[in-house]
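Here is a note to read alongside the model, point by point. Please keep the structure in view while you go through it.

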Amino acid sequence: MAAGGGRLTAVGDPERDGWRLGPGRRPFFALCEETDVPGTGHGLSKGASLCGIPGDRLTVYRGPFDPTRDTACPGCRAQVLGDPEPTLQDLLRHRVRGAVPGPLRAELLAALKQGAQVGLWVSGRAAELVRRHARRERIVEGGALVEAVVGADGPLGLARVVHGTREFLVFLPQDGRPFVARAEPGP
Ligand SMILES: [Zn+2]
């Protein structure tokens, strides 16, 4: 096949890759991953992921983004399949999948799968955010990573999930890998 003037054309084969093309032929997007957050597949379009991660933070693969895979980013999947907007739980679950591994991550993923609600998801500067929403004296696991993020005081996303008697805090630093901490449930 001609190289099409040097431009990349189709990056996957629906037959070979087992895709089902919907009515109107679904477009192909190259597969990419957030470089610091491997494990979740995104679709690439115009130099950024479909869900808005800038290209300089992405690793792009020679292959198609498959929105039907369990590891597909819910935001990118929704754009390709035309699904309704993913829930907060879905979005957070996928961020947590790419988080620093450990027993807390596993426990939180299980809780989210069981339908644990996301009670809070905010973003801002790390020190202020942690002071207002995740008081450090209440953090009983994962504290060292929290100290580092607060020290750097960069842009941060912070989510809280309460499941039974457990309270999880998910730290989503803009310039680093997400991680999970646990807090004593507050008043
Ligand atoms: Zn995405």
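1. A residue is called buried if 20 or more other C-beta atoms lie within 10 Å of its own, exposed if 12 or fewer do, and partly exposed in between, with the C-beta atoms placed from the backbone. With 13 C-beta neighbours inside 10 Å, Arg 136 therefore counts as partly exposed.

2. Please bear in mind that this is a predicted model, in which local features need pLDDT of at least 70 and side-chain atom pairs count only at pLDDT 80 or more, while totals for chains, interfaces and linings use all residues. Residues are numbered from 1 along each chain as its sequence is written.

3. The protein has six helices and nine strands, where helices (H or I, at least four residues) and strands (E, at least two) are DSSP runs numbered from the N terminus. Of its 187 residues, 33% are buried.

4. Where does Arg 136 sit, and what does Arg 136 contact? Its place is in the loop between H5 and strand S6 (139-141), and, leaving aside neighbours within four places in sequence, Arg 136 is in contact with Val 130 and Val 146, a contact being a pair of residues whose C-beta atoms, placed from the backbone, lie within 7 Å. The C-alpha atoms of Arg 136 and Ala 183 are separated by 8.4 Å, although these residues are 47 apart along the chain.

5. In helix H5 (residues 126-133), the buried residues are Ala 126, Leu 129 and Val 130. They lie on the same side of H5, because they cover an arc of only 95° around the axis, the arc being that of the directions from the helix axis to the C-beta atoms. An α-helix has 3.6 residues a turn, so residues three or four places apart point the same way. Glu 128, Arg 131 and Arg 132 are exposed on the other side of H5, whereas the cover over its buried residues includes strand S5 (118-125), helix H6 (143-152) and strand S7 (155-163).

6. The axes of helix H3 (residues 88-97) and helix H4 (residues 103-113) come within 10 Å and cross at roughly 160°; axes are lines fitted to C-alpha atoms, for helices over the stretch in contact, and angles run from 0 to 180 degrees between N-to-C directions. That crossing makes H3 roughly antiparallel to H4, a description used for angles over 145 degrees, with those under 35 called roughly parallel, 65 to 115 roughly perpendicular and the rest oblique. The contact is made by Gln 89, Leu 92, Arg 93, Val 96 and Arg 97 of H3 together with Arg 105, Leu 108, Leu 109 and Leu 112 of H4.

Notes:
Contact = placed C-beta atoms within 7 Å.
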